[in-house]
Amino acid sequence: GRQVDIVVATSNEIIDNLLTLAGAQDRGWLCGLPLIVFSARNDQHARACGFSRTPYIASSMSDEGVMNALRAWAAERPSG
């Protein structure tokens, strides 16, 4: 089975490349995953591409910013 809980995309190009790699077969699965992005522009692009969840926007373009977004995601995640 697939063992991906969340995806980090640091640019619109990475979002596009992820969708290309997923192909038609796995696009729905990928677009249903939680997503961390670096800007409102990336958020808008992800939604336009079909990502169905509200992306988490990193607080800064850094490891710390990504970790803050991961903590926010983990805090909202159902336990179990």
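D43 forms a salt bridge with R47, and the closest N and O atoms are 2.5 Å apart. By salt bridge I mean a side-chain nitrogen of Lys or Arg within 4 Å of a carboxyl oxygen of Asp or Glu. Before I go on: this is a predicted model, where local features need pLDDT of at least 70 and side-chain atom pairs count only at pLDDT 80 or more, while totals for chains, interfaces and linings use all residues. Residues are numbered from 1 along each chain as its sequence is written, and side-chain values use heavy atoms, with hydrogens and water left out.

Back to the pair. Both residues sit in helix α2, residues 40–49, and because they are 4 residues apart, about one helical turn separates D43 from R47. Helices here are DSSP runs of H or I with at least four residues, strands are runs of E with at least two, and both are numbered from the N terminus. D43 counts as buried, at 11% relative accessibility, whereas R47 is partly exposed at 42%. The cut-offs are under 20% relative accessible area for buried, over 50% for exposed, and partly exposed in between, with a 1.4 Å probe and protein chains only.

How many salt bridges does the rule give? The count is 2. The other one joins D5 to R77, with the closest N and O atoms 3.4 Å apart. This pair links distant parts of the chain, 72 residues apart: D5 lies in the segment before β1 (7–8), and R77 in the segment after α3 (63–76). D5 is partly exposed, with a relative accessible area of 41%, and R77 is partly exposed too, at 41%.

Next, the helix packing. Helix α1, residues 12–31, packs on α2 at an angle of about 30°, and the axes are 11 Å apart. That makes the two helices roughly parallel. Axes are lines fitted to C-alpha atoms, for helices over the stretch in contact, and angles run from 0 to 180 degrees between N-to-C directions. Under 35 degrees is called roughly parallel, over 145 roughly antiparallel, 65 to 115 roughly perpendicular, and the rest oblique.

Which residues make the contact? From α1 they are N12, I15, D16, L19, R27 and C31, and from α2 they are R41, N42, H45, A46 and C49. Contact means heavy atoms within 4.5 Å.

Leaving aside neighbours within four places in sequence, I15 is in contact with A9, V37, N42, H45, A46, C49 and F51.

That brings in F51, which is found in the loop between α2 and β3 (56–57). Is F51 buried or exposed? F51 is buried, with a relative accessible area of 4%. Not counting residues up to four places away in sequence, F51 touches I15, L19, L30, C31, L33, L35 and A46.

S52 counts as exposed, at 59% relative accessibility. Outside four places in sequence, S52 touches C31 and G32. From S52 to G28, 24 residues apart along the chain, the C-alpha separation is 9.2 Å.
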